[in-house]
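User: I've got a model here and want to talk through a few of its features. Can we take them one at a time?
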Amino acid sequence: METINIKELWAQASPRNLGVDTEEIITKKHCRIITKYISDSRMKAVVCFCAFIVVSLLFMYAFLLLKLSMSLHLAAPLIIAGVFLFLRFIVEWRKYVSLQKDYDHYNTTKSEKLITAKIKRIKIIDFISYIVLFYSISIVLFVLMHNDKFLKDEFGWIIWILIIILLGLPWLIHYSPRR
């Protein structure tokens, strides 16, 4: 019986000896989906950052250059929107950076489990950030309506409908089917 040298077999079975082309692997459908997801995440991060910069510049222009005075009740929704954009930028950037990690040194099933767990964690963080944003805006609208008699009398029913929509929106976003 011949002796089998495991090191020789391993060296013969390595990808560089099998002629595996990495470009061919990248062009496969599942790799394109992951690449698209990563590029979408990067694009969302850039858009959120640009929107945050625009909102910040508009605030500075309105309050510093035009010297507008606005009560905290009126500025609160705008401030919440600015904070939300900044937090969305951080979440999207973390998503982009975490998906850039290389899972090639794991076997296929472990790599798939790690990526699936990471995507689930990202979805939960997105859901929580949406809940914080929309519920905060709902609370601010309720306080504004409660403190302002004109809003309560004239636009009370519209604000209540808006509050109900804002309370249900995170759940709708979370459970809506994704493409």
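User: Is Leu 66 buried, partly exposed or exposed?
Analyst: Quick ground rules: this is a predicted model, where local features need pLDDT of at least 70, side-chain atom pairs count only at pLDDT 80 or more, and totals for chains, interfaces and linings use all residues. Residues are numbered from 1 along each chain as its sequence is written, and side-chain values use heavy atoms, with hydrogens and water left out. Buried means under 20% relative accessible area, exposed over 50%, and partly exposed in between (1.4 Å probe, protein chains only). Leu 66 has a relative accessible area of 45%, so the label is partly exposed.

User: How many disulfides does the structure hold?
Analyst: A disulfide needs a pair of cysteine sulfur atoms within 2.5 Å. For Cys 48, the closest cysteine sulfur belongs to Cys 50 and is 9.5 Å off, so that's too far for a bond. Cys 50 is in no disulfide either. The count is zero.

User: What is the C-alpha to C-alpha distance between Gly 168 and Tyr 135?
Analyst: Gly 168 sits in helix H7 (residues 149-175), helices being DSSP runs of H or I with at least four residues, numbered from the N terminus. Gly 168 is partly exposed, at 34% relative accessibility. Gly 168 and Tyr 135 are 33 residues apart in sequence, and in space the C-alpha to C-alpha distance is 9.4 Å.

Definitions and conventions. Helices (H or I, at least four residues) and strands (E, at least two) are DSSP runs, numbered from the N terminus.
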